[in-house]
Amino acid sequence: MNDVTIYTDGACRGNPGPGGWGAVLISGGHEKVLKGAETSTTNNRMELLAAIMALRALKRPCQVALWTDSEYVRRGMTEWIQGWIKRDWKTASRKPVKNAELWRDLLEQSRRHNVEWHWVKGHSGHPGNERADALANEAIDEMNAAS
(Lines give C-alpha, C1' and ligand atoms only; values in the text may rest on other atoms or scores of the structure.)
Protein backbone atom coordinates (compact mmCIF):
# COMPACT_ATOMS: atom_id res chain seq x y z
CA MET A 1 0.00 0.00 0.00
CA ASN A 2 1.42 3.38 -1.03
CA ASP A 3 2.11 5.97 1.66
CA VAL A 4 0.69 9.39 0.78
CA THR A 5 0.78 12.64 2.73
CA ILE A 6 -1.97 15.11 1.87
CA TYR A 7 -2.36 18.75 2.92
CA THR A 8 -5.76 20.33 2.29
CA ASP A 9 -7.28 23.75 2.80
CA GLY A 10 -10.37 25.71 1.90
CA ALA A 11 -10.80 29.46 1.59
CA CYS A 12 -13.81 31.71 1.28
CA ARG A 13 -14.10 35.45 0.67
CA GLY A 14 -17.25 36.13 2.57
CA ASN A 15 -19.03 33.20 4.19
CA PRO A 16 -20.94 32.52 2.00
CA GLY A 17 -19.05 33.96 -0.93
CA PRO A 18 -16.58 32.97 -3.63
CA GLY A 19 -14.55 30.03 -2.34
CA GLY A 20 -11.68 27.80 -3.30
CA TRP A 21 -9.98 24.62 -2.19
CA GLY A 22 -6.45 23.33 -2.57
CA ALA A 23 -4.61 20.08 -1.93
CA VAL A 24 -1.00 18.95 -2.05
CA LEU A 25 -0.41 15.19 -2.40
CA ILE A 26 3.07 13.81 -1.73
CA SER A 27 4.19 10.20 -2.23
CA GLY A 28 7.81 9.17 -2.47
CA GLY A 29 9.48 11.77 -4.63
CA HIS A 30 6.26 12.68 -6.42
CA GLU A 31 4.00 15.63 -5.78
CA LYS A 32 0.62 16.56 -7.23
CA VAL A 33 -1.35 19.74 -6.62
CA LEU A 34 -5.09 20.16 -7.06
CA LYS A 35 -7.37 23.19 -6.77
CA GLY A 36 -10.85 24.35 -7.58
CA ALA A 37 -13.34 27.13 -6.88
CA GLU A 38 -17.05 27.87 -6.65
CA THR A 39 -18.80 31.20 -7.06
CA SER A 40 -20.99 30.98 -3.96
CA THR A 41 -20.08 28.62 -1.14
CA THR A 42 -18.93 28.40 2.47
CA ASN A 43 -15.56 27.84 4.07
CA ASN A 44 -16.67 24.50 5.54
CA ARG A 45 -17.82 23.24 2.13
CA MET A 46 -14.44 24.16 0.64
CA GLU A 47 -12.57 22.40 3.48
CA LEU A 48 -14.63 19.24 2.84
CA LEU A 49 -14.22 19.45 -0.94
CA ALA A 50 -10.43 19.74 -0.63
CA ALA A 51 -10.29 16.45 1.29
CA ILE A 52 -12.79 14.73 -1.04
CA MET A 53 -10.97 15.73 -4.21
CA ALA A 54 -7.55 14.79 -2.80
CA LEU A 55 -8.71 11.31 -1.79
CA ARG A 56 -10.60 10.87 -5.07
CA ALA A 57 -7.37 11.60 -6.99
CA LEU A 58 -5.69 8.50 -5.52
CA LYS A 59 -5.98 5.70 -8.08
CA ARG A 60 -5.51 2.76 -5.68
CA PRO A 61 -5.89 2.14 -1.94
CA CYS A 62 -3.27 4.06 0.05
CA GLN A 63 -2.04 4.64 3.57
CA VAL A 64 -2.89 8.34 3.91
CA ALA A 65 -1.80 10.97 6.43
CA LEU A 66 -4.24 13.81 5.74
CA TRP A 67 -3.45 17.20 7.31
CA THR A 68 -6.17 19.86 7.56
CA ASP A 69 -6.47 23.10 9.50
CA SER A 70 -10.21 22.41 9.82
CA GLU A 71 -11.31 20.92 13.12
CA TYR A 72 -14.73 20.63 11.46
CA VAL A 73 -13.31 18.12 8.95
CA ARG A 74 -11.02 16.27 11.36
CA ARG A 75 -13.52 15.97 14.21
CA GLY A 76 -16.35 15.24 11.78
CA MET A 77 -14.49 12.21 10.46
CA THR A 78 -13.00 11.02 13.76
CA GLU A 79 -15.74 11.84 16.30
CA TRP A 80 -19.10 12.88 14.86
CA ILE A 81 -19.83 10.91 11.70
CA GLN A 82 -20.72 7.57 13.31
CA GLY A 83 -23.36 9.29 15.45
CA TRP A 84 -24.75 11.11 12.42
CA ILE A 85 -25.07 7.81 10.56
CA LYS A 86 -26.80 6.13 13.55
CA ARG A 87 -29.23 9.07 13.74
CA ASP A 88 -29.90 9.00 9.97
CA TRP A 89 -27.78 12.11 9.29
CA LYS A 90 -29.16 14.14 12.17
CA THR A 91 -27.10 15.97 14.78
CA ALA A 92 -27.34 15.17 18.49
CA SER A 93 -30.00 17.91 18.67
CA ARG A 94 -31.94 16.12 15.87
CA LYS A 95 -31.28 18.78 13.23
CA PRO A 96 -30.16 17.75 9.72
CA VAL A 97 -26.36 17.56 9.38
CA LYS A 98 -25.10 20.51 7.33
CA ASN A 99 -23.25 19.50 4.15
CA ALA A 100 -24.48 15.90 4.52
CA GLU A 101 -23.92 15.12 0.82
CA LEU A 102 -20.27 16.18 1.12
CA TRP A 103 -19.82 14.20 4.35
CA ARG A 104 -21.24 11.11 2.60
CA ASP A 105 -18.84 11.63 -0.31
CA LEU A 106 -15.88 12.12 2.05
CA LEU A 107 -16.81 8.97 3.95
CA GLU A 108 -17.04 7.00 0.68
CA GLN A 109 -13.66 8.31 -0.52
CA SER A 110 -11.98 7.67 2.84
CA ARG A 111 -13.23 4.06 2.97
CA ARG A 112 -11.07 3.27 -0.08
CA HIS A 113 -7.96 4.10 1.96
CA ASN A 114 -6.49 3.85 5.44
CA VAL A 115 -6.69 7.52 6.46
CA GLU A 116 -5.15 9.11 9.54
CA TRP A 117 -6.72 12.53 10.16
CA HIS A 118 -4.37 15.22 11.49
CA TRP A 119 -4.95 18.84 12.45
CA VAL A 120 -2.48 21.65 11.87
CA LYS A 121 -2.93 25.23 13.07
CA GLY A 122 -3.80 27.34 10.03
CA HIS A 123 -1.66 30.31 8.98
CA SER A 124 1.11 29.25 11.36
CA GLY A 125 3.85 28.82 8.76
CA HIS A 126 3.41 25.06 8.23
CA PRO A 127 4.72 24.58 4.64
CA GLY A 128 2.15 22.00 3.51
CA ASN A 129 -0.77 23.95 4.93
CA GLU A 130 0.52 27.24 3.51
CA ARG A 131 0.79 25.68 0.01
CA ALA A 132 -2.74 24.27 0.20
CA ASP A 133 -4.02 27.68 1.34
CA ALA A 134 -2.19 29.41 -1.53
CA LEU A 135 -3.74 26.96 -4.03
CA ALA A 136 -7.24 27.60 -2.64
CA ASN A 137 -6.75 31.36 -2.99
CA GLU A 138 -5.22 31.00 -6.49
CA ALA A 139 -8.33 29.08 -7.55
CA ILE A 140 -10.57 31.93 -6.36
CA ASP A 141 -8.41 34.52 -8.15
CA GLU A 142 -8.43 32.48 -11.39
CA MET A 143 -12.22 32.01 -11.22
CA ASN A 144 -12.74 35.76 -10.59
CA ALA A 145 -10.40 36.71 -13.45
CA ALA A 146 -12.28 34.39 -15.84
CA SER A 147 -15.71 35.87 -15.06
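**Pocket.** I began with the largest pocket of this predicted model, for which I noted a volume of about 270 Å³. I then listed its lining, which comes to 13 residues, and wrote down N2, V4, L25, S27 and L58 as those that lie nearest the centre of the pocket. When I sorted the lining by residue class, I found 6 nonpolar, 3 polar and 4 charged residues. As for where the lining comes from, I saw that β1 (2–12), β2 and β3 each supply at least two of its residues.

**Strand pairing.** I next turned to β2 (residues 17–27) and β3 (residues 30–41), which run antiparallel and are joined by 10 bridges. Along this pair I found V24 standing opposite V33 in β3. At the turn I noted that the hairpin has 2 residues between its strands, and that G28 there takes a positive phi near 60°.

**Core.** Which residues touch the most other members of the largest nonpolar core? I found I6, L55, W103, L106 and W117, in a core of 33 residues. I recorded the elements that give two or more residues to this core as β1, β2, α1 (43–56), β4 (62–68), α2 (71–86), α3 (100–111) and β5 (114–119). Of these, α1 gives the most, with 8 residues.

I finished with L55 and its contacts, leaving out residues up to four places away in sequence, and listed I6, V64, L66, L106, Q109, S110, R112, H113, V115 and W117.

Definitions and conventions
Residues numbered from 1 in each chain as written. Predicted model: local features only at pLDDT ≥ 70, side-chain atom pairs only at ≥ 80, totals over all residues. Heavy atoms only, no water. Pairing = 2+ DSSP bridges. Helix = DSSP H or I, 4+ residues; strand = E, 2+ residues; numbered from the N terminus. 1 Å grid on protein atoms, 1.4 Å probe; cavity = no way out; pocket = protein on both sides within 12 Å on 5 of 7 lines; lining within 4 Å. Points joined across faces, edges and corners; volume = space filled by probe spheres on them. Nonpolar A, V, L, I, M, F, W, Y, C, P; charged D, E, K, R; others polar. Core = buried A, V, L, I, M, F, W, Y, C linked by side-chain atoms within 4.5 Å. Buried < 20%, exposed > 50% of the residue type's maximum accessible area, 1.4 Å probe, protein only. Contact = heavy atoms within 4.5 Å.
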